[in-house]
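Student: I would like to learn how to read helix packing and chain interfaces in a model. Can we work through one?

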Amino acid sequence: MEEFNSLMQGFSVALTYHNLLFMLVGILLGVLIGVLPGLGGANGVAILLPLTFTMPPTSAIIMLSCIYWGALFGGAITSILFNIPGEPWSVATTFDGHPMAKSGRAGEALTAAFTSSFVGALFAVIMITFLAPLVAKFSLKFGPPEFFAVQLLTFCSFVGLGKGHPAKTISAMMLGFALAAVGLDTVTGTLRMTFGTSELLRGFDFLIAVIGLFGIGEILLTMEEGLAFKGVHARINPRVVLQTWAQLPKFWLTALRATLIGCWMGITPGGATPASFMSYGIAKRFSKTGEKFGTGEIEGVVAPETAAHAAGTSALLPMLTLGIPGSPTAAVLLGGLLIWGLQPGPLLFVEQKEFVWGLIASMYIGNIAGLLIVLTTVPWWAAILRVPFSIIAPVIVVICAIGAYTVHNAMLDVVMMMVFGVVGYLFKKLDYPLAPMVLALVLGDMAESSFRQSMLLSRGEVSIFWSNGLVGSICGLAMLMLFWPVISKVLARMRRGNNELDEARPVE
Amino acid sequence: MHDNEHADEGSRRGVSTKAVEMVVAAIIFGLGLVVVFDSRRVGAGWADDGPQAGYFPFYIGLILCAASAWTLLRAAFSDHAAGGVFVSRKKLRLVMSVFIPSLIYVIAIYFIGIYVSSAVFIGAFMYWHGRFPWIKIIPVSLLVPVSMFLLFEVWFLVPLPKGPLEALIGY
Amino acid sequence: MQHTTVRAVVVATAMLGLSVPAAVMADWEPTKPVEFVVPAGTGGGADQMARFVQGLIAKHNLMKQPMVVVNKSGGAGGEGFLYVKESKGDPHKIVITLSNLFTTPLATGIPFNWKDLTPVSMLALDEFVLWVNADSPYKTAKEYLAAIKAGNDGQFKMAGTGSKQEDQIITVALDKFTGKKFTYVPFKGGGDVAVQLVGGHVNSTVNNPIEAVAHWRAGKLRPLCVFDDKRMPYKEKVTDTMSWHDIPTCKESGVNVDYLMLRGIFMPGGVSADQVNFYVNLFKKMRALPEWSEFMASGAFNQSFMSGKEYADWVQKAEDTHKTLMKDAGFLAK
């Protein structure tokens with residue numbers, strides 16, 4: 001109840017005209033930032049940070065965190081419309097979101113994405129409101145072995161999804177791992193596969209690969225099919241929002257699972273990107289229509305979006321209570337806190353009550369406001385697909401180039417993007433699955449360093465991965481996920497066996 | 001080859017899937033070798049405090065080689081697995097008509113910056129592919145780079161590659 | 001030769017700057033936005049300082065053109081340094097450094113040396129403190145090190161930022177002192193390192209004050225000693241009972257290890273004395289602001305300031321120290 005009272009007080013802080021205005025500005029800017037792959041949430045927050053030094057900290061953090069919400073919402077837009085993920089965590093949204101848009105259901109996909117983002121974030125905020133201290137304690141239990149176990153789980157819940165030939169799936173995945181290894185090895189400080197060039201020092205960023213593989217690759221494929229996006233003549237239906245809402249409740253279980261995954265990954269901090277992949281993988285595994293995933297299932301949009309938002313929101317919790325940012329954007333916000341003279345850490349909740357509860361209240365209001373704003377823009381976004389391909393295609397290439405450049409401010413990355421574009425085109429036509437490659441590129445680095453950190457801690461004993469209940473059970477869960485296709489077959493056979501027996505009896 | 005099965009209107013001739021399949025697999029195999037050799041250089045063993053820097057990449061490289069060799073052999077010896085035309089000439093021409101301008105665009109960024117090249121690229125693309133009249137081409141091809149410029153350089157202070165024109169106006 | 005003359009001019013003008021009105025001095029000014037390169041990722045100590053500097057300069061209008069922070073963190077910052085090196089003669093780029101100015105080229109062998117850049121000024125020096133978990137039995141550095149000496153090689157675990165960088169250099173120095181080896185576990189950022197210690201996954205860290213202060217105040221961590229030859233000057237209470245000044249130096253505890261990290265500004269090579277001078281003055285003005293003093297106090301920084309030849313000499317000395325330390329530790333690139 002104490003939390004409830006504090007929250008009400010927080011609402012009175014957040015709900016001034018002044019702060020509401022900042023919120024609105026923040027969300028609009030955030031959506032813009034999320035839409036353009038060249039501007040990440042971290043950019044937006046970083047650039048506006050200096051401007052906020054003259055505001056009271058509460059107003060400033062409200063505005064900045066609203067940029068964060070806006071960017072989370074906005075990331076889905078380009079993923080669905082053009083197959084270009086505006087933010088890393090929207091990659092999994094492209095798997096079903098873009099096929100939906102191509103078959104003329106862009107409005108539906110966008111509505112589903114926005115609504116499930118909202119649901120994910122809302123649950124995460126509720127968790128922050130009532131469970132913050134408990135959750136903070138839980139996240140302290142995560143050392144390198146636990147991190148590795150989480151990454152293993154993400155991987156295991158995702159692999160084996162494609163229908164491609166195993167040799168090709170393995171090739172694609174290993175290619176992802178190999179690319180992830182380029183650059184400085186964080187554990188020993190040795191340079192790997194840079195061959196003496198300074199351009200390769202930074203390694204291959206996952207976002208550049210994704211922009212090339214999905215964005216440019218898609219344009220080349222579309223071109224081959226003639227000069228048009230298939231969904232061009234989709235009717236623009238202003239009631240699409242309500243119609244989509246009517247379909248959504250039946251995915252409550254998927255959304256619940258996605259929320260749990262998201263909250264957990266946001267806290268630990270696995271991050272929003274792995275959360276969205278894991279959620280997509282698990283949804284596909286447990287859905288009745290799992291085999292249709294990838295062809296334009298609403299459920300395939302709901303799962304990653306809910307998880308990404310739940311994770312993105314709960315990532316603010318470790319920042320506030322422990323001072324470790326769960327994402328680059330959170331990292332910049334953290335810098336802001338320090339400059340305002342607020343010390344993130346366990347005492348923030350005690351010493352800066354007004355600030356913390358104002359922020360939490362603004363999360364509720366910011367999310368609701370964000371949802372309303374983005375939903376009103378749905379028909380408008382869907383209308384972009386009606387622009388002739390010969391205008392939109394070069395603009396997409398330009399946006400991709402800017403997006404690739406801004407990741408590291410490096411021209412070579414733009415060239416790499418084109419190379420990845422060709423790879424994306426060839427792989428798609430030769431049935432190499434792209435998703436395992438992308439996932440390996442995201443997780444390869446992190447998984448390897450957590451593994452080796454664990455090995456350092458245990459002095460080379462692999463047994464560290466089942467040394468305590470937490471790490472053991474996550475690893476166990478990972479194995480369960482990995483062998484789920486086999487297990488589910490066995491289960492099905494057993495059940496069928498029973499049924500046959502049941503049916504057999506009356507005949508006797 | 002089973003060219004006849006893929007009888008697109010227009011041309012049936014083109015690059016065979018088998019050839020592309022084998023070339024791609026060979027390239028991946030080559031990359032695998034590179035990874036293996038570089039990993040040996042930095043040390044691919046298991047030291048007493050866990051795996052060395054090249055340990056994981058080494059095995060990744062080996063698996064990469066094995067998997068691509070499998071694909072390569074499958075493509076070489078089984079017509080069934082990789083039959084048909086990969087892309088007909090007509091389609092290839094279409095794909096190249098997007099890819100080559102994009103490539104020129106990316107190279108042009110090095111010399112004249114991203115804004116000028118974007119304007120030219122969008123304009124040229126609209127002219128060749130869309131057959132738009134100049135009255136539509138000019139506003140669109142100017143508006144996009146100018147709004148990008150305002151957004152990135154002026155408002156968000158994100159520096160993008162710039163050329164001589166931007167230098168003239170003081171950026 | 002050219003370098004020395006440039007530097008001599010810088011010193012001369014810098015000295016004049018103290019007596020001559022600023023208007024006479026300001027003969028060069030940036031004509032376009034200034035890129036402020038951070039050779040580290042977002043959210044780290046260097047990034048925080050760079051963004052703070054950017055904010056302060058914008059807030060007080062110290063420069064007509066905007067300042068843009070650009071992170072180039074690839075290859076332990078090597079990417080950022082090479083980028084600035086390649087921009088020879090460009091007065092619209094500055095770079096903030098941390099110890100990786102020395103450690104990265106030494107450990108990886110990338111073709112870079114600080115002499116490829118023009119030193120502008122030192123902003124501050126960052127302290128290093130030896131921390132343990134508050135639940136551990138060690139109350140002083142002496143007790144902790146005695147326990148290490150009594151223990152086995154590799155029994156005690158030290159977490160730190162990056163590999164073959166400042167944290168590991170200090171760890172190796174401690175190894176030498178105790179005669180026993182720490183198990184050094186590298187993490188990505190200082191924040192993660194502190195949290196690993198709070199979570200009890202490692203035994204100690206050498207976090208910078210600003211990275212660990214929140215956990216200290218919350219009673220989760222305990223500082224044992226600071227790796228400096230004198231105590232930190234900040235006497236205001238940080239926790240209920242202690243101020244930064246109350247943390248003994250490691251020397252007092254009989255551990256003869258000291259290490260400070262440079263937070264300084266450099267420009268590309270081949271820029272004119274006027275141009276260097278503009279930035280020297282800019283940072284002088286900035287350091288006079290009350291916000292800067294507050295920021296320094298919150299992170300318990302060592303507020304040394306240098307520019308010109310004094311600074312260049314300091315950097316040269318620091319490079320020599322790093323060379324020796326890293327050679328002893330076996331961290332040099334083969």
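Student: Which side chains meet in a salt bridge with an N to O distance of 2.9 Å?

Tutor: A salt bridge here is a side-chain nitrogen of Lys or Arg within 4 Å of a carboxyl oxygen of Asp or Glu. The pair is A:Lys168 and B:Glu21. Between chain B and chain A the count is one salt bridge. This is a predicted model, in which local features need pLDDT of at least 70 and side-chain atom pairs count only at pLDDT 80 or more, while totals for chains, interfaces and linings use all residues. Residues are numbered from 1 along each chain as its sequence is written, chains are lettered from A and ligands numbered from 1 in the order in which they are written, and side-chain values use heavy atoms, with hydrogens and water left out.

Student: What area is buried between chain B and chain A?

Tutor: The size of an interface is often given as the accessible area lost when the parts come together. Buried area is taken with a 1.4 Å probe and summed over both parts. For chain B and chain A it is about 5,500 Å², with carbon and sulfur atoms giving 82%. The contact (heavy atoms within 4.5 Å) takes 63 residues from chain B and 66 residues from chain A.

Student: How many residues of chain C are in contact with chain B?

Tutor: Eight residues of chain C touch four residues of chain B. These two chains bury about 420 Å² between them, 75% of it on carbon and sulfur atoms. Of the area that chain C buries against chain B, 60% comes from C:Lys32, C:Pro33 and C:Val68, more than from any other three residues.

Student: At what angle do α4(A) and α13(A) cross?

Tutor: Two packed helices are described by the angle between their axes and the distance between the axes. Axes are lines fitted to C-alpha atoms, for helices over the stretch in contact, and angles run from 0 to 180 degrees between N-to-C directions. Helices are DSSP runs (H or I, at least four residues), numbered from the N terminus. In chain A, the axes of α4 (residues 57-82) and α13 (residues 299-314) come within 11 Å and cross at roughly 160°. That makes α4(A) roughly antiparallel to α13(A), the term for angles over 145 degrees. Residues in the contact include A:Trp69 and A:Phe73 of α4(A) and A:Ala308 and A:His309 of α13(A).

Student: How far apart are the axes of α1 and α17 of chain A?

Tutor: The axes of α1 (residues 2-14) and α17 (residues 353-376) of chain A are 7 Å apart, and the helices pack at an angle of about 80°. That makes α1(A) roughly perpendicular to α17(A), a term for angles of 65 to 115 degrees. Among the residues in contact are A:Leu7 and A:Phe11 of α1(A) and A:Trp357 and A:Ala361 of α17(A).

Definitions and conventions:
Helix = DSSP H or I, 4+ residues; strand = E, 2+ residues; numbered from the N terminus. Parallel < 35°, antiparallel > 145°, perpendicular 65-115°, else oblique.
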